[in-house]
Amino acid sequence: MMFRNHLIVTAAVAIFTVKYVNFAMPLWVVLILIFAGSLLPDLDHPSSTIGKRFLFISLPLAGLFGHRQITHSVWPFVLTAWALSYDTWATPLAMAFGIGYFSHLLADFISDSGIPLFWPHQGRFGIKLCTSGGLLEPIIALGLLWLAIIF
Ligand SMILES: [Zn+2]
């Protein structure tokens, strides 16, 4: 999914989340964490928005695993769930960050690229509602934003 549409899907997930979850911290902090989390999966791509800024991480990650591999699987969620099992002051921060991360995978899940949920197994999972960069992609992203606003 294109960067702009990723942002729209993240905005939809953020709006939906802050309506129903009380993070007990200022809204602007929650939103920054959600949007930061949504950028993280593409850290495995040196020319992505975040990858360009952290080449010392993105280049080795891309070299070791390639793009849309381990960072687009269940493993980051397993790690987050483990981290959340320790209830600390950082728990709500990790939750907001994880929700942002989820929004990125959701966006890739609905595009034709799919995601390797059970990496290293290379089977790709997704519902393929649209082609990445295609005409339908922004319509679906805006549709999710509309749903998040009305529900
Ligand atoms: Zn991605």
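Helix axes are here lines fitted to C-alpha atoms over the stretch in contact, and angles run from 0 to 180 degrees between N-to-C directions. Helices are DSSP runs (H or I, at least four residues), numbered from the N terminus. The model is predicted: local features need pLDDT of at least 70, side-chain atom pairs count only at pLDDT 80 or more, and totals for chains, interfaces and linings use all residues. Residues are numbered from 1 along each chain as its sequence is written.

Two packed helices are described by the angle between their axes and the distance between the axes. Helix α2 (residues 27-39) packs on α6 at an angle of about 45°, the axes being 6 Å apart. That angle makes α2 oblique to α6, a class left over once angles under 35 degrees (roughly parallel), over 145 (roughly antiparallel) and 65 to 115 (roughly perpendicular) are set aside. On the α2 side, V30, L33, I34, F35, A36, G37 and S38 meet L93, A96, F97, G98, I99, G100, Y101, S103 and H104 of α6; contact requires C-beta atoms, placed from the backbone, to lie within 7 Å. By class, this contact of α2 with α6 has ten nonpolar, six polar and no charged residues. Nonpolar here covers Ala, Val, Leu, Ile, Met, Phe, Trp, Tyr, Cys and Pro, charged covers Asp, Glu, Lys and Arg, and the others, Gly among them, count as polar.

Helix α6 (residues 91-110) also meets α5 (residues 75-84), their axes coming within 10 Å and crossing at roughly 165°. That makes α5 roughly antiparallel to α6. The crossing of α5 and α6 is left-handed. Its contact is made by P76, T80, A83 and L84 of α5 and by T91, A94, M95, G98 and Y101 of α6. By class, the contact of α5 with α6 has six nonpolar, three polar and no charged residues.

Within α6 lies S103. S103 is buried, with 26 other C-beta atoms within 10 Å; the cut-offs are 20 or more for buried, 12 or fewer for exposed, and partly exposed in between. Leaving aside neighbours within four places in sequence, S103 is in contact with V9, T10, V13 and S38. The C-alpha atoms of S103 and A83, 20 residues apart along the chain, are separated by 19 Å.

Helix α4 (residues 55-64) lies largely in the open, because the number buried among its ten residues is one. Just after α4, G66 takes a positive phi of about 90°.

How values were computed: Helix = DSSP H or I, 4+ residues; strand = E, 2+ residues; numbered from the N terminus. Left-handed = near helix turned anticlockwise from the far one by under 90°. Contact = placed C-beta atoms within 7 Å.
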